[in-house]
Structure formats: structure tokens, C-alpha cells
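This briefing is intended for a reader who is meeting the structure for the first time. Please keep the sequence and the model at hand while reading the points that follow.

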Amino acid sequence: MKVTVINPHGFCAGVQRALDLAYKAKSEHPNRSIYILGNLVHNEHVIDDLKADGFVILDERKKSLSDWIDTLNKGDIIVFSAHGHDPHLDEKAAKKGLIKYDATCPFVIANSVLIKKRITEGGETIFIGQAGHAETVGTLMMDESKVFLFEPGKPFDFGQLTVKNPLLVSQTTMGTDEMAESISLLKEHFPMIDIAARVCDATDRRQKAICTAPSDIDLYVVMGSETSNNTKKLLLLAKEKYPNAKTIRCLDVEEIKRSDIKGLKNAALISGASTAMKEFDEVKSYLESL
Ligand code: SF4
């Protein structure tokens with residue numbers, strides 16, 4: 001099979017930074033347990049590698065992040081994930097005397113700075129995002145009475161806002177198409193809306209790249225976890241843009257081996273922002289061997 005690699009792929013700068021920070025914590029405290037609060041990045045292999053290297057993952061599916069912090073002791077070392085978190089957890093960690101390494105991506109931080117300023121000024125914010133995602137949870141928890149979630153395609157209660165010129169911010173890993181639709185809908189209701197919504201560079205560049213991929217392809221493979229929002233958006237874009245081609249998401253070579261891709265000859269390969277080059281190269285080699 002011929003394989004065209006679409007750039008960029010592999011880790012984005014934010015994910016690489018989060019991993020570097022976790023290993024920095026480990027090298028600065030070589031004989032201590034390093035606790036990672038939730039999924040540092042959205043990829044099962046990356047999390048498994050961290051566990052194999054001795055990191056302790058505090059799994060948010062088993063206990064809330066706040067409850068996990070309660071289990072730690074003064075002086076314990078904790079790493080906050082790349083996607084952002086409820087700011088109350090910072091206060092809680094500080095009160096407990098934990099040593100904190102914050103891997104929150106600078107794109108997520110930039111949004112929270114804008115929202116914090118708007119809250120301080122007495123204003124309100126609409127956040128376009130996906131319910132339950134770590135970035136959304138962290139953003140809404142900044143002030144639940146001043147920050148409102150708008151989920152694309154879902155009903156929104158415009159009456160809950162009291163201002164005419166809310167700030168508009170979005171999750172950094174949104175699909176640019178659905179964001180544009182959301183913005184135009186919100187503008188109809190709030191002509192004076194203050195638009196600061198944008199996806200991060202990694203998401204933007206990958207979404208543009210998949211949309212401008214060669215069109216003589218019969219198989220588009222998007223690598224990444226089911227839990228990765230930017231991966232899911234890449235897959236959606238590929239499905240919309242190339243309806244006659246087969247489009248699949250896979251985490252690793254084992255997963256693609258289980259896919260029905262018999263008879264296909266021309267593949268394009270891209271990844272979401274949390275896929276390591278090791279898994280990417282394995283899938284590429286496997287496809288080329290077919
Ligand atoms: S996908 Fe974007 S927001 Fe998320 S870590 Fe990477 S650069 Fe940061």
C-alpha cells in the first residue's frame with residue numbers, strides 16, 4: 001500500500017511540554033512518587049508508558065480529582081494535566097502543601113486569562129465546548145454563574161445571560177467548521193458579542209492539513225485515542241471531505257490490523273496531537289507492508 005504522511009503529526013508542542021514537565025518532576029525528585037492528576041494527555045499508550053516509568057496516575061474515572069487530592073500528603077508531588085483543570089484544585093493543592101508541576105497548555109492558559117479578566121470586570125462568557133472535557137470543566141468552574149457552556153448542536157438557554165456583549169471563547173480542540181457555525185448562531189442573538197474564540201495552532205494546522213490532503217486516496221487513517229477531541233474532529237473532517245474513501249481512527253497497529261482495509265491501495269496517515277511517533281511509525285510500516 002502506498003502511504004502519504006500528512007503533516008503535522010505526532011505530539012503537539014503542548015503535549016510534549018506536559019511530558020517534559022512530568023519527567024522534569026521525576027528527575028528533580030528521583031526517589032519520590034510522582035502523582036499525575038487525571039490523564040496527563042489523552043492517549044492510552046502514553047499513560048501506560050508513564051506508569052511503566054513509575055509515575056502514579058490518579059485516574060479520574062475511579063475518583064474525582066478533588067477526592068484524589070484529599071488522599072495525598074503534605075510535600076507530595078503532583079503534576080496537573082495539559083488540558084486545564086478546576087482552579088479550586090490549585091487552592092486545595094496549595095492548602096495541603098503539595099509540590100505542584102502544572103502542565104496546563106499555554107493555549108488553555110491564554111483562554112483562562114481572558115475569562116478571568118472578564119469575570120473581574122463583572123462580565124459574562126460563553127464557552128463553546130464539549131461537556132465533561134477537562135478543559136470545559138476547568139473553564140466552567142472558574143465561575144459557574146458567569147461562564148456558560150454552549151455545546152454545538154445542543155439547545156442553549158440564551159436567557160441565562162444578563163449582558164448584551166458576552167465574551168466568546170472556545171475549547172482549544174474544537175472543529176473549526178462547527179465553531180464557525182456556533183459563532184454565527186451566537187452572533188444572531190448577541191450582535192455585540194466579543195469574539196475571542198479560536199482553536200489552538202496544533203488543532204488548526206492539522207484540520208487544515210486533512211482538508212487539503214491529496215484526493216486520490218482511498219483510505220484516510222487518523223491516529224489517536226477515542227478520548228482525544230482533536231483526533232475525533234480530524235476524523236469527522238476526513239469523513240465529510242472524502243465521502244467516497246474509507247476513513248478510520250486507530251490507536252495503534254493492533255487496532256488497524258483488526259480493520260477491514262482489504263483491497264485499498266492509497267492511504268493517507270495523520271495523527272491527533274497526543275500520538276507518539278513510535279505508534280505512528282508502526283502503523284505506517286504496517287500499511288506499507290500490505
Ligand atoms: S492540542 Fe492544542 S491545546 Fe491541546 S495540548 Fe496541544 S497545543 Fe495545547
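**A buried strand residue**

Thr 125 is a residue of strand 6. The model discussed here is predicted. Thr 125 has a relative accessible area of 0% and is therefore buried. The points below proceed from this residue to the helices, the nonpolar cores, the ligand shell and several individual positions.

**Surroundings of Thr 125**

- Setting aside residues up to four places away in sequence, Thr 125 touches Ile 115, Arg 118, Lys 146, Val 147, Phe 148, Leu 167 and Val 169.
- Strand 6, which spans residues 125–128, is one of the elements against which the buried residues of helix 7 pack.

**Helix 7**

- Helix 7 covers residues 176–189, 14 residues in total.
- From its first C-alpha to its last, helix 7 reaches 20 Å, close to the 20 Å expected at 1.5 Å a residue.
- The buried residues in helix 7 are Glu 178, Met 179, Ser 182, Ile 183 and Leu 186.
- Viewed down the axis of helix 7, these buried residues fall within an arc of 140°, so they line one face of the helix.
- Exposed residues Glu 181 and Glu 188 are carried on the face of helix 7 turned away from its buried side.
- Besides strand 6, the packing partners of the buried residues of helix 7 include strand 7 (147–150), strand 8 (167–170), strand 9 (194–195) and helix 9 (229–241).

**Helix 8**

- In helix 8, which runs over residues 201–211, the buried residues are Ala 202, Thr 203, Arg 206, Gln 207, Ala 209 and Ile 210.
- Down the axis of helix 8, the buried residues fall within an arc of 160°, and they therefore line one face of the helix.
- The face of helix 8 turned away from its buried side carries Arg 205 and Lys 208, both of which are exposed.
- Helix 7, strand 10 (219–223), helix 9 and strand 12 (266–271) are the elements against which the buried residues of helix 8 pack.

**Nonpolar cores**

- The largest nonpolar core comprises 24 residues, and those with the most contacts inside it are Ile 36, Leu 40, Leu 50 and Val 79.
- At least two residues of this core are supplied by each of helix 1 (13–28), strand 2 (34–37), helix 2 (44–52) and strand 4 (77–80).
- Helix 1 provides the largest share of this core, namely six residues.
- Another core, of 16 residues, lies apart from it and has Val 3, Met 223, Ala 267 and Leu 287 among its members.
- Val 79 touches Ala 22, Ala 25, Ile 34, Tyr 35, Ile 36, Leu 37, Leu 40, Tyr 101 and Ala 103, with residues up to four places away in sequence not counted.

**The ligand shell**

- Around the ligand are Cys 12, Gly 14, Val 15, Cys 105, Phe 107, Thr 172, Thr 173, Cys 200, Ala 202 and Ala 273.
- This shell consists of seven nonpolar and three polar residues, with no charged residues.
- Ala 202 belongs to this shell and is also one of the buried residues of helix 8.

**Loop positions**

- Gly 272 is located in the loop between strand 12 and helix 11 (277–289).
- Gly 272 counts as buried because its relative accessibility is 0%.
- Beyond its neighbours within four places in sequence, Gly 272 is in contact with Gly 10, Arg 206, Met 223, Asn 230, Thr 231 and Leu 234.
- Gly 272 and Thr 231 are 41 residues apart along the chain, and their C-alpha atoms are separated by 4.4 Å.
- Pro 8 is situated in the loop between strand 1 (2–5) and helix 1.
- Asn 7 and Pro 8 are joined by a cis peptide bond with an omega of about -5°.
- Most peptide bonds are trans.

**Further individual residues**

- Thr 247 lies in strand 11, residues 246–250, and counts as buried at 11% relative accessibility.
- Not counting residues up to four places away in sequence, Thr 247 touches Tyr 220, Leu 235, Ala 238, Lys 239 and Tyr 242.
- Lys 95 is in helix 4, residues 87–96, and counts as exposed at 76% relative accessibility.
- Lys 232 is in helix 9 and is partly exposed, with a relative accessible area of 36%.
- With residues up to four places away in sequence left out, Lys 232 touches Gln 130 and Glu 226.

How values were computed. Residues are numbered from 1 along each chain as its sequence is written. This is a predicted model: local features need pLDDT of at least 70, side-chain atom pairs count only at pLDDT 80 or more; totals for chains, interfaces and linings use all residues. Side-chain values use heavy atoms; hydrogens and water are left out. A residue is near a molecule or strand if one of its heavy atoms lies within 4 Å of it. Ala, Val, Leu, Ile, Met, Phe, Trp, Tyr, Cys and Pro count as nonpolar, Asp, Glu, Lys and Arg as charged, and the others, Gly among them, as polar. A nonpolar core is a set of buried Ala, Val, Leu, Ile, Met, Phe, Trp, Tyr and Cys residues joined through side-chain atoms within 4.5 Å. Buried means under 20% relative accessible area, exposed over 50%, partly exposed in between (1.4 Å probe, protein chains only). Helices (H or I, at least four residues) and strands (E, at least two) are DSSP runs, numbered from the N terminus. Contact means heavy atoms within 4.5 Å. The expected span of a helix is 1.5 Å times one less than its number of residues. The arc is that of the directions from the helix axis to the C-beta atoms.
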